[in-house]
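Welcome! Please take a moment to look over the chain below, and then we can walk through it together.

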Amino acid sequence: MADNSGRSSLAHDQATTVTQAANVSHTARRARELSRLLPLWPDEIADQSPGARRRLVAIMRPALRAERQRGIGGHWTYDLARHAQLLEACRTELAALKDIERRRDG
C-alpha cells in the first residue's frame, strides 16, 4: 500500500509542477503581449485583480476603436496583426474577468 501512495504522490508532484510551469508561462506570455500592444507599466500588467482587469479592458476598448478606424479609413499605419492581437487580448481579459466574478459570486 505504501508503494502505491508513493507513486500517487510522485504523479501528483509532477502534475503540480507542470501546472505551475504552465501558469508561469501563461503569465509571462500575457505580460509580453500586453506590454507590446499597450503603453502600460509592468505593475499594471502584473496586477490580475478584477479592478486591474477592468482598467485594462477600459484601456483596450479605445485602442481597438482607434485601430478599427484606421483600418476603415485605409490609413497607412493600420496593422491587421495588431488589431487581431488587441481583439484577442481584450476577449481574454473579459473572459478572465467574468470567470473571476463567477467564482466570487457562486
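Two residues are in contact when they have heavy atoms within 4.5 Å of each other. Keep that rule in mind, as it returns several times below. The model is predicted, so local features need pLDDT of at least 70 and side-chain atom pairs count only at pLDDT 80 or more, while totals for chains, interfaces and linings use all residues. Residues are numbered from 1 along each chain as its sequence is written, and side-chain values use heavy atoms, with hydrogens and water left out.

## The overall plan

The protein has 4 helices and 0 strands, which gives the pattern α-α-α-α along the sequence. Here a helix is a DSSP run of H or I with at least four residues, a strand is a run of E with at least two, and both are numbered from the N terminus. Of the 106 residues, 19% count as buried. Buried means under 20% relative accessible area, exposed means over 50%, and partly exposed lies in between, using a 1.4 Å probe and protein chains only. Among contacts between residues at least 6 apart in sequence, 52% join residues at least 24 apart.

How far apart are the end C-alpha atoms of helix H4? They are 37 Å apart, which agrees with the 38 Å that its 26 residues (80-105) should span at 1.5 Å a residue. The expected span is 1.5 Å times one less than the number of residues in the helix. Helix H3, residues 50-73, can be checked in the same way: its 24 residues should span 34 Å, and the end C-alpha atoms are 35 Å apart, which agrees.

After H3 comes glycine 74, whose phi is positive, near 70°.

Which residues of these helices are buried? In H3 they are Ala52, Arg53, Leu56, Val57, Met60, Ala63, Leu64 and Glu67. In H4 they are His83, Leu86, Ala89, Cys90, Glu93 and Leu97.

## A few residues up close

| Residue | Relative accessible area | Class |
|---|---|---|
| Arginine 53 | 7% | buried |
| Leucine 97 | 8% | buried |
| Histidine 83 | 16% | buried |
| Alanine 46 | 57% | exposed |
| Aspartate 43 | 59% | exposed |

Let us start with histidine 83, which is found in helix H4. Not counting residues up to four places away in sequence, histidine 83 touches Leu64, Glu67, Arg68 and Tyr78. With tyrosine 78 there is also a polar contact of 2.9 Å between the side chains. A polar contact is a pair of N or O atoms within 3.5 Å; within protein, one must be able to donate a hydrogen and the other to accept it, and residues adjacent in sequence count only if both atoms are side-chain atoms.

Leucine 97 also belongs to H4. Leaving aside neighbours within four places in sequence, leucine 97 is in contact with Pro50, Arg53 and Arg54. The C-alpha atoms of leucine 97 and proline 50 are separated by 6.0 Å, although the two residues are 47 residues apart along the chain.

Arginine 53 sits in helix H3. With the neighbours within four places again left aside, arginine 53 is in contact with Arg30, Gln48, Glu93, Ala96, Leu97 and Ile100.

From alanine 46 to threonine 27, 19 residues apart along the chain, the C-alpha separation is 8.2 Å. For aspartate 43 and alanine 31, 12 residues apart, that separation is 9.8 Å.

## The largest pocket

Rolling a probe the size of a water molecule over the atoms shows where empty space is left. On a 1 Å grid over the protein atoms alone, a pocket is an open set of points where a 1.4 Å probe fits, with protein on both sides within 12 Å along at least five of seven lines; lining residues have an atom within 4 Å of a point.

The largest pocket has a volume of about 230 Å³, where volume is the space filled by probe spheres set on the points, and points are joined across faces, edges and corners. Which residues lie nearest its centre? Of the 14 lining residues, these are His26, Arg30, Glu33, Ala89 and Thr92. Helix H1 (2-37) and H4 each supply at least two residues of the lining, and H1 gives the most, with 7 residues.
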